[in-house]
Amino acid sequence: MAEAKTAATVAERPVLRVLSGEAISPPPAWMMRQAGRYLPEYRATRAEAGSFLDLCYNPAFATEVTLQPIRRFGFEASILFSDILVIPHALGQDVRFVEGEGPRLDALEGRAQFERLREAGDPAIFSHLAPVFEAVERIRGALPHETTLLGFCGAPWTVASYMIGGRGTVDLAPARALAAADPALLDALLDRLVAVQTEYLVRQLRAGADVVQIFESHAGVLPESSDGDALKRYSLGPITRMVQGVRAQVPDAKIIVFAKGSGLEGHARVVPETGASAVGVDWGVDLAALRARVPASTVTQGNLHPETLIEGGRALDAAVDAILAATEGLPHIFNLGHGITPQTPIAHVEQMLARLRGSR
Ligand code: 1CP
């Protein structure tokens, strides 16, 4: 079971302090996709585990790869190693990860496939996901006390887009076509994802996650909405229902929402509309402009461009400095503006942290 989040625990975990509104200098840091193929120790564990899903569903291996970036870099937060697509898998959809290509699902093309999915209350969903909760418990037990543990899931629209398209696509054409052809079906799918994933996040929090992050990786590509507010209709609306549903069971839950591609205005809407504790900022947004646009009390996270991390050198130092300048005296968690990529040199991650930690 999770430890009680006493005031003392919060005081000892810098990421939780920032999420409670405190500005810390230098800001605590972690990286999206911090466990992954840029690390030789990850590649070794991955080879031992077998398939990508075998790694996700094996609590011992999932714990090991979650801890690897903490041991190597001492990040202030750790993120559960899993994937947003374990949810379609738990709903009964076929999910595979093809080496070098990414995820492949049996595309959900219409009502016949939807009706074969498990219903939200089906206990089989959570017995399928039991290894994830076991991993969360083990990770929390193994982490340094001061390190915050994040759980996560995908936002309903992003997960639905993979379920409908069967794979990642740039323009999400299959999901947008379904929205036009059968809007009620898309709504039913989004509703099911809201219900299942609300429970999923609650169980991660109860297993020991301190914080959860909702990844809306495809907030920049949405179907048209008759009321002209597609961001609310497909993205922020379902996310809001999840935030409220989680808080109905875990009243003080800390929730970060990352709505990639939603632009400056979309990012500015995240906290006021969803009630999230913080907004994750993608690399396409000018962080200084966003900070000028939102109240000083808003907690932000981000947003170093992953390509700048690959480039290294003076460009990297300058980009770290710019993030610090934009967030000075404000509650901010240092991160990338999207996931780290496999070709990133480890020395550049070290350089990034040295610049950050030497900045005081
Ligand atoms: O073995 C491998 O290295 C496979 C690559 C990989 C990894 C390391 C995939 C396949 N998923 C993951 C882990 C993962 N995925 C984490 C782990 C925790 C961490 O260290 O950050 C998290 C949080 C995710 C979340 C995820 N999966 C998102 C949302 C965030 C984002 O990057 O936008 C998405 C969209 C996915 C789907 C997915 N899983 C994997 C890939 C390559 C993709 C993207 C596919 C595509 O759009 O084409």
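What is the handedness of the crossing of H13 and H14? The crossing is right-handed, where right-handed means that the near helix is turned clockwise from the far one by less than a right angle, and left-handed that it is turned anticlockwise. This is a predicted model, in which local features need pLDDT of at least 70, side-chain atom pairs count only at pLDDT 80 or more, and totals for chains, interfaces and linings use all residues. Residues are numbered from 1 along each chain as its sequence is written.

**Overall fold**

- The chain has 18 helices and nine strands; helices (H or I, at least four residues) and strands (E, at least two) are DSSP runs, numbered from the N terminus.
- The radius of gyration of the chain is 19 Å, which agrees with the value near 21 Å that a compact globule of 360 residues would have; the radius is taken over C-alpha atoms, and the globule rule is 2.2 Å times the number of residues to the power 0.38.
- Along the principal axes, the C-alpha atoms fill a box of roughly 60 × 45 × 40 Å.
- Buried residues make up 47% of the 360 in the chain; a residue is buried if 20 or more other C-beta atoms lie within 10 Å of its own, exposed if 12 or fewer, and partly exposed in between, with C-beta atoms placed from the backbone.
- Among contacts between residues at least 6 apart in sequence, 71% join residues at least 24 apart; two residues are in contact if their C-beta atoms, placed from the backbone, lie within 7 Å.

**Helices H13 and H14**

- The axes of helix H13 (residues 230-249) and helix H14 (residues 263-274) come within 10 Å and cross at roughly 35°; axes are lines fitted to C-alpha atoms, for helices over the stretch in contact, and angles run from 0 to 180 degrees between N-to-C directions.
- H13 contributes Leu231, Leu236, Ile239, Thr240 and Val243 to the contact, and H14 contributes Gly266, Arg269, Val270, Glu273 and Thr274.
- By class, the residues of this contact are five nonpolar, three polar and two charged; Ala, Val, Leu, Ile, Met, Phe, Trp, Tyr, Cys and Pro count as nonpolar, Asp, Glu, Lys and Arg as charged, and the others, Gly among them, as polar.

**Ligand shell**

- Of the 22 residues around the ligand, Ala35, Gly36, Gly168, Phe215 and Ser217 come nearest; a residue is near a molecule if its C-beta atom, placed from the backbone, lies within 6 Å of it.
- Strand E3 (102-105) and strand E4 (148-154) are the elements that give two or more residues to this shell.
- The shell holds 11 nonpolar, seven polar and four charged residues.

**Backbone geometry**

- Serine 25 and proline 26 are joined by a cis peptide bond with omega about -5°, and proline 26 is in the loop between helix H2 (14-19) and helix H3 (40-49).
- A cis peptide bond with omega about -15° joins glycine 302 and asparagine 303, the latter lying in strand E8 (residues 300-304).
- Arginine 33, in the loop between H2 and H3, has a positive phi near 60°; arginine 33 is partly exposed because 18 other C-beta atoms lie within 10 Å.
- Leucine 172, in the loop between helix H10 (156-165) and H11, has a positive phi near 50°; leucine 172 counts as buried because it has 23 C-beta neighbours inside 10 Å.
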